[in-house]
Amino acid sequence: MSTDADRHWMARALGLAHIATGSTAPNPPVGAVLVRDGSVLGEGWTRPIGGPHAEVAALQDCAIRGHDPRGATLYVTLEPCCHQGRTPPCSDALIAAGVSRVVVGVLDPFPAMRGQSVEQMEAAGLSVAVGVEEDACARQILGFARALSSGLPEVTSKVAMTLDGHIATASGESQWISGPQARQDGHVLRAHHDAILVGIGTVVADDPRLTCRLPAESLPGGSVDRDPVPVVLDSQLRVPAEARVLQSRDAVVVCAEDAPKRELSARVVRVARGPHGLDVVAALRALVDLGLHRILVEGGGHVHRALLDAAVVDTLQVYVAGLLLPGGRPWVAGPTVERLAEGVRMDLADVVRLGPDVRLTYALRHAIAPDPLAALRHQRTTPAR
């Protein structure tokens, strides 16, 4: 059984993992806290690709603070790695440091892991507990787990709309429907995603930059480089060469296999066509192939509709303004639905007031991979104790 102290420190580790979210692709975001006698010796989170993992970052922080990690307990949201990748095995580092106990939130779904480091650390004499705050820790790495289990990313659709469901006037005016607090919250949301996706209609109409325009001190971890990779769905490859979104060195344009050939200052990825444009599931799989596991979708209406119809959206985040725009452009486009049974049902997960606006967060059922961590939970090798 886990103790109140275990849950307390794992909650702190989850907060550190949240800092890393959106900056670690293709690695999962992980947080770690090193504790002895109720005091923090060191803490850390996964750094961008090639940098230290959370466990090593916590050990480094411990050394900087002048503490000895021997005999301490490490709380970590995801099972430490025990294989050589871009960095050495974290389990080896914990054993060498003399840590006496490791509390793991959830086992690693990576095929080379799945409890292997738990067995290694126990064989070396460490006490290991698995499953503390397991559901929260599993949710933290949903994009990583889904990519491994089904080749699809975690998808969040974001909408700023009026009370009557419109994202612009009939003529296309949309700046600004939401107030400053909601817009700032939306930029923080961008910072927690690997990529931000829009359709070609949005690029042509608004010429967005799709950057995270916030001061460093307001970003997770105080980072100044938290811009997600901009992605444009453009079946005919008609994005203007001078579009601001292409100014990013990492920009991706997803087009149809038979689209005209063009030279663009972006990575062009070709996928199959779907019933009404691109095959959006194939497009999402292509993004996973690029190491992008958390995708934020910002429109337009046809893109939102295609993803909803394919049932590949995990979360809908809606910023609702106290404004009515009769006859405006709806946030979901496409053919009408005639029967209630054909509608998209979702569960309200959170409500937050942001100045004059309200942020509503809904959870949707994912048709292709409802819970990629379900089987992993049943594989637990060590009971939480």
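**Exercise 1. Find which residues of helix 3 meet which residues of helix 4, then describe how the two helices pack.**

Solution. Start with the contact itself: S91, D92, L94 and I95 of helix 3 meet S117, Q120 and M121 of helix 4, where contact means heavy atoms within 4.5 Å. Helices here are DSSP runs of H or I with at least four residues, strands are E runs of at least two, and both are numbered from the N terminus. Next, sort the contact residues of helix 3 with helix 4 by class: three are nonpolar, three polar and one charged. The nonpolar class holds Ala, Val, Leu, Ile, Met, Phe, Trp, Tyr, Cys and Pro, the charged class Asp, Glu, Lys and Arg, and the polar class the others, Gly among them.

Before going on, a word on the model: it is predicted, so local features need pLDDT of at least 70 and side-chain atom pairs count only at pLDDT 80 or more, while totals for chains, interfaces and linings use all residues. Residues are numbered from 1 along each chain as its sequence is written, and side-chain values use heavy atoms, with hydrogens and water left out.

Now the geometry. Two packed helices are described by the angle between their axes and the distance between the axes. The axes of helix 3 (residues 90-97) and helix 4 (residues 116-123) come within 10 Å and cross at roughly 20°; axes are lines fitted to C-alpha atoms, for helices over the stretch in contact, and angles run from 0 to 180 degrees between N-to-C directions. Helix 3 and helix 4 are therefore roughly parallel (angles under 35 degrees; over 145 is roughly antiparallel, 65 to 115 roughly perpendicular and the rest oblique). Finally, helix 3 passes helix 4 in a right-handed crossing (the near helix is turned clockwise from the far one by less than a right angle; anticlockwise is left-handed).

**Exercise 2. Work out at what angle helix 2 and helix 3 pack.**

Solution. Helix 2 (residues 54-64) packs on helix 3 at about 30°, with the axes 9 Å apart. That makes helix 2 roughly parallel to helix 3. Their crossing is left-handed. On the helix 2 side the contact uses E55, V56 and L59, and on the helix 3 side C90, A93, L94 and A97. By class, this contact of helix 2 with helix 3 has six nonpolar, no polar and one charged residues.

**Exercise 3. Now try helix 9 and helix 10: at what angle do their axes cross?**

Solution. The axes of helix 9 (residues 280-289) and helix 10 (residues 301-310) come within 9 Å and cross at roughly 95°. Helix 9 is therefore roughly perpendicular to helix 10. V280, V281 and L284 of helix 9 meet A306, L307 and A310 of helix 10. The contact of helix 9 with helix 10 has six nonpolar, no polar and no charged residues.

**Exercise 4. Locate the backbone features in the loops.**

Solution. Most residues other than glycine have a negative phi, and most peptide bonds are trans. A cis peptide bond joins A25 and P26, with omega about 5°; P26 lies in the loop between helix 1 (4-20) and strand 1 (31-36). D37 has a positive phi, near 55°, and sits in the loop between strand 1 and strand 2 (39-45).
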